[in-house]
Amino acid sequence: MAIERTFSIIKPDATKRNLTGKIISKFEDAGLRIVASKRIQMTKAQAEGFYAVHKERPFYGDLCSFMTSGPVVVQVLEGEDGIAKNREVMGATNPADAAAGTIRAEFAESIEANSVHGSDAPETAAEEIKFFFTDDELVG
Ligand code: ATP
Ligand code: MG
């Protein structure tokens with residue numbers, strides 16, 4: 001295993017409920033380090049581009065509206081086996097299936113408003129980091 005960087009979003013359902021700090025604690029407690037972080041209002045174009053892989057799915061339109069419904073916190077997390085570790089801390093997409101103690105089990109409202117996003121592979125992590133951050137924003 002190696003040190004990996006992954007891309008994370010704290011979604012609008014979580015920022016609205018003032019859960020940013022509690023979610024960041026889950027990452028840090030799992031050994032993930034926040035190496036870049038910013039709170040932004042995502043534009044419609046950014047949401048549509050970011051979720052372009054889901055364009056044909058029935059929930060695409062709703063998902064893009066949800067992701068622009070309030071501020072999000074975009075972050076780069078780093079750690080040993082970071083991509084898988086983050087997915088583990090997040091829990092299953094549907095909070096009803098998420099393991100106890102995971103972010104989605106504790107905080108998610110629904111399969112859509114599920115509090116966090118995390119990259120699923122090294123290639124997507126690299127693309128997603130580039131989508132929201134310039135190299136000089138990755139401060140370590
Ligand atoms: P993410 O990509 O956000 O980390 P994921 O990889 O667990 O989550 P994906 O299948 O990539 O899940 O779906 C992307 C996002 O689309 C989900 O996190 C969720 O917000 C939304 N989503 C997925 N499936 C559904 C669904 N059946 N109905 C509504 N929204 C959904
Ligand atoms: Mg995904």
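The legends below describe close-up views of a predicted model. Local features are given only where pLDDT is at least 70 and side-chain atom pairs only at pLDDT 80 or more, while totals for chains, interfaces and linings use all residues. Residues are numbered from 1 along each chain as its sequence is written, chains are lettered from A and ligands numbered from 1 in the order in which they are written, and side-chain values use heavy atoms, with hydrogens and water left out.

**View 1. The shell of residues around ligand 1.** Ligand 1 is surrounded by 15 residues (a residue is near a molecule if one of its heavy atoms lies within 4 Å of it). The closest are Lys 11, Thr 93, Glu 112, Asn 114 and Gly 118. By residue type, the shell holds six nonpolar, five polar and four charged residues. Here Ala, Val, Leu, Ile, Met, Phe, Trp, Tyr, Cys and Pro count as nonpolar, Asp, Glu, Lys and Arg as charged, and the others, Gly among them, as polar. Helix α5 (82-90) and strand β4 (116-118) each supply at least two residues of this shell. Strand β4 gives the most, with three residues. Helices (H or I, at least four residues) and strands (E, at least two) are DSSP runs, numbered from the N terminus.

View 2. The side chain of Asn 114 has an N or O atom 2.9 Å from an oxygen atom of the ligand. For the side chain of His 117, an N or O atom lies 3.0 Å from an oxygen atom of ligand 1. Taken alone, ligand 1 exposes 570 Å², and the protein buries 81% of that. Accessible areas come from the Shrake-Rupley method with a 1.4 Å probe; for residues, only the protein chains shown count as cover.

**View 3. Asn 114 beside the ligand.** Asn 114 is placed in the loop between α6 (103-107) and β4. Asn 114 counts as buried because its relative accessible area is 2% (buried means under 20%, exposed over 50%, and partly exposed in between, with a 1.4 Å probe and protein chains only). Besides the contact with ligand 1, the side chain of Asn 114 reaches the backbone oxygen of Thr 93 at 3.1 Å.

**View 4. Thr 102 and Ala 92, in the loop between α5 and α6.** Thr 102 is buried, as its relative accessibility is 7%. A polar atom of the Thr 102 side chain lies 2.7 Å from the backbone oxygen of Ala 99. Ala 92 is partly exposed, with a relative accessible area of 30%. Ala 92 and Arg 104 are twelve residues apart in sequence, and their C-alpha atoms are 7.1 Å apart in space.

**View 5. Asn 18 and Asp 81, residues with positive phi.** Most residues other than glycine have a negative phi. Asn 18 is not a glycine, yet has a positive phi of about 65°. Asn 18 is found in the loop between α1 (12-16) and α2 (20-29) and is exposed, at 67% relative accessible area. Asp 81, also not a glycine, has a positive phi of about 55°. The loop between β3 (72-80) and α5 holds Asp 81, which is partly exposed at a relative accessible area of 26%.

**View 6. Val 76 in strand β3.** Val 76 is buried, with a relative accessible area of 0%. The C-alpha atoms of Val 76 and Arg 33 are separated by 8.3 Å, and the two residues are 43 residues apart along the chain.

**View 7. Arg 17 and Glu 123, with their C-alpha separations.** Arg 17 is found in the loop between α1 and α2 and is partly exposed, with a relative accessible area of 33%. From Arg 17 to Ile 111, 94 residues apart along the chain, the C-alpha separation is 17 Å. Glu 123 lies in helix α7 (residues 122-132) and is exposed, at 53% relative accessible area. Glu 123 and Pro 95 are 28 residues apart along the chain, and 26 Å separates their C-alpha atoms.

Definitions and conventions: A polar contact is a pair of N or O atoms within 3.5 Å; within protein, one must be able to donate a hydrogen and the other to accept it, and residues adjacent in sequence count only if both atoms are side-chain atoms.
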